[in-house]
Amino acid sequence: MEKQFYQQILDDMIRIAKESGELFKNAHAENIDKKLNARDLVTEYDKSVQEFIFSSLSALYPSATLVGEESGDLASYDVENTVAFIIDPIDGTTNFINGLAHSCVCIAYAEYGTVMAGVVYNPYKDHLYSAIRGKGAYFNGVKMQVNDTSIKEGLVGFGTAVYYDELIEQTKRIFGEALVKCNDLRRMGSAGIDIALTASGTFAGFFETRLCPWDFACGILFMEESGGIITDFEGNKLQLNKKSSVLAGNERAYAELFKIINGN
Ligand code: IPD
Ligand code: CA
Ligand code: CA
């Protein structure tokens with residue numbers, strides 16, 4: 001009974017994420033506007049894809065709260081105390097604007113602060129990452145598992161959180177130390193895909209000094225279902241109602257990156 005319930009939600013989210021991907025996959029960014037500052041951009045497509053996802057989900061799940069990157073302030077939602085879909089219509093907008101063909105759609109379903117199902121879809125590669133809590137996480141049908149690589153031998157993904165001037169020095173410091181200690185680093189431009197790549201064993205770990213719940217909500221579930229760890233930089237559980245630093249990794253890489261981040 002319970003399985004069918006979450007499977008139905010997941011199936012709906014997958015269909016909607018795939019249809020959303022088709023809406024921007026071959027598009028050129030139009031009507032580019034600034035949000036927080038000149039580095040934080042939004043296009044007509046971010047808004048129209050979110051509208052499509054909202055209308056599709058609200059037709060099927062009219063009582064659920066819909067939280068989307070393009071609909072405003074996080075504080076106006078009570079995500080920790082309600083049943084909600086948390087949506088990033090295009091994660092990797094800067095990639096999209098510049099034609100880099102590396103972005104995804106993120107849709108998470110959460111009950112009272114716990115992510116129960118999640119979908120990250122990269123339409124450029126037809127890469128689908130999905131999970132139901134307690135049932136494993138899957139990449140194009142294959143069970144996801146974190147790798148067991150130390151950062152010395154492994155790749156580490158990271159994000160630059162460029163919208164926040166006050167965090168640039170911290171990112172530089174962590175990056176500088178990681179550059180010495182990791183096999184190599186990758187800044188790909190979509191946190192949703194970065195965390196999915198960590199859960200599926202491509203990256204040993206991932207870090208970014210500040211992300212929003214729509215960037216990491218699916219990632220929480222993917223990491224937990226694939227044997228990895230995901231927390232903020234202090235080791236606290238991520239919450240769905242606020243921005244946060246994010247550290248993810250297999251057990252070993254997580255501990256190594258934790259040390260670098262916390263300077264010990
Ligand atoms: C951004 C991407 C990027 C990360 C930023 C996010 P957006 O999301 O995930 O990789 O570094 O912090 O805000 O704005 O393209 O949806
Ligand atoms: Ca995002
Ligand atoms: Ca976005």
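Me: Which residues are the closest around ligand 1, and how many surround it?

Reply: A residue is near a molecule if one of its heavy atoms lies within 4 Å of it. Here 16 residues surround ligand 1, and the closest are D91, G92, T93, R187 and E208. Please keep in mind that this is a predicted model, where local features need pLDDT of at least 70, side-chain atom pairs count only at pLDDT 80 or more, and totals for chains, interfaces and linings use all residues. Residues are numbered from 1 along each chain as its sequence is written, chains are lettered from A and ligands numbered from 1 in the order in which they are written, and side-chain values use heavy atoms, with hydrogens and water left out.

Me: What polar contacts does ligand 1 have, for example with Y163?

Reply: A polar contact is a pair of N or O atoms within 3.5 Å. Y163 places a polar side-chain atom 3.1 Å from an oxygen atom of ligand 1, and D88 has one at 3.2 Å from a ligand oxygen. With S190 a backbone N or O atom takes part, 3.1 Å from an oxygen atom of the ligand.

Me: How much of ligand 1 does the protein bury?

Reply: Accessible areas come from the Shrake-Rupley method with a 1.4 Å probe. Ligand 1 taken alone exposes 380 Å², of which the protein buries 94%.

Me: Which elements give two or more residues to the shell?

Reply: Strands are DSSP runs of E with at least two residues, numbered from the N terminus. Those elements are β4 (83–91) and β12 (205–211); β4 provides the largest share, three residues.

Me: Where does ligand 1 lie relative to the two domains?

Reply: Domain bounds come from an automatic or database domain assignment. Ligand 1 lies between domain 1 (2–143) and domain 2 (155–261), because both give residues to its shell.

Me: What is the strand order in the sheet with β4?

Reply: Two strands pair if DSSP finds at least two bridges between them. The order is β3-β4-β5-β6-β7-β8-β9, an open sheet of seven strands with mixed pairing. Its edges are β3 (65–68) and β9 (142–143), each with a single partner strand, so one side of each has no neighbour in the sheet. β3 and β4 run parallel, joined by four bridges, and T65 has A84 as its bridge partner in β4.

Me: And which strands form the sheet that includes β12?

Reply: Five strands form that open sheet, in the order β11-β10-β12-β14-β13, again with mixed pairing. Five bridges join β12 to β14 (residues 244–249), and these two run antiparallel. F207 stands opposite L247 in β14.

Key:
Polar contact = N/O pair within 3.5 Å; in protein donor to acceptor, adjacent residues only side chain to side chain.
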